[in-house]
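Dear colleague,

Please find below the structure that I am handing over to you. I would be grateful if you could read it alongside the notes that come after it.

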Amino acid sequence: AVSLSSMKAYYAEHPAIAEKLVQNINIKLFVFNNLTPYKFRIGINTDTKIGFFCAYYGHFNNRVDLEGIVSSNAVMLEAFEHLYLGLLKEGVEVTISNISQLLQ
């Protein structure tokens, strides 16, 4: 997940690489008009079955301010997954069929 403006700038300089990324079956790229991808971090390590959710508050000198939770509880992992899917609804998936339209 990246901001739309950042992805537009990257696509302008590296269109072939961006197109390879969105064609990779292991990569799903979503762009956002706002700061959603910077404010929230969600992840689940499927090997260790540990997930996390945190909110990003910014930087102070060399320190990143975050607050969040980590869990291996199956119910919490499901909750993290639902949070993740809900946040993705705020963005647009970039595909090979819409990349030039979205990023021009």
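The model is predicted. Its chain has a mean pLDDT of 92, and 100% of its residues reach 70 or more. Within the chain, confidence is lowest in α3, with a mean of 82, and highest in α2, at 96. Where pLDDT is low, predicted coordinates should not be read in detail.

Helices α1 and α2

Helix α1 covers residues 4-13 and helix α2 residues 15-23; they pack at an angle of about 120 degrees, and their axes are 5 Å apart. On the α1 side they are M7, Y10, Y11, A12 and E13, which meet P15, I17, A18 and E19 of α2.

Helix α3 and T36

T36 lies in helix α3, which spans residues 36-39. With a relative accessible area of 8%, T36 is buried, because the cut-off for that class is under 20%. Leaving aside residues up to four places away in sequence, T36 touches L87 and E90.

The three-stranded sheet

Strands β1, β2 and β6 form an open sheet in the order β1-β2-β6, and the pairing is mixed. Its edge strands are β1 (2-3) and β6 (92-94), each of which pairs on one side only. Strand β2, residues 29-32, runs antiparallel to β6, with three bridges between them. In that pairing, F30 has E93 of β6 as its bridge partner.

Strand β3 (residues 40-45) pairs with strand β4 (residues 50-60) in the antiparallel sense, over six bridges. Here F40 stands opposite A55 in β4. The hairpin of β3 and β4 has four residues between the strands, and K49 takes a positive phi near 60 degrees in it.

Strand β4 is also joined to strand β5 (residues 63-71), by nine bridges, and the two run antiparallel. The bridge partner of H59 in β5 is V64. The hairpin of β4 and β5 has two residues between the strands, and N61 in the turn has a positive phi of about 55 degrees.

Yours sincerely

Conventions:
Residues numbered from 1 in each chain as written. Predicted model: local features only at pLDDT ≥ 70, side-chain atom pairs only at ≥ 80, totals over all residues. Heavy atoms only, no water. Buried < 20%, exposed > 50% of the residue type's maximum accessible area, 1.4 Å probe, protein only. Contact = heavy atoms within 4.5 Å. Pairing = 2+ DSSP bridges. Axes fitted to C-alpha atoms, helices over the stretch in contact; angles between N-to-C directions. pLDDT = per-residue confidence, 0-100.
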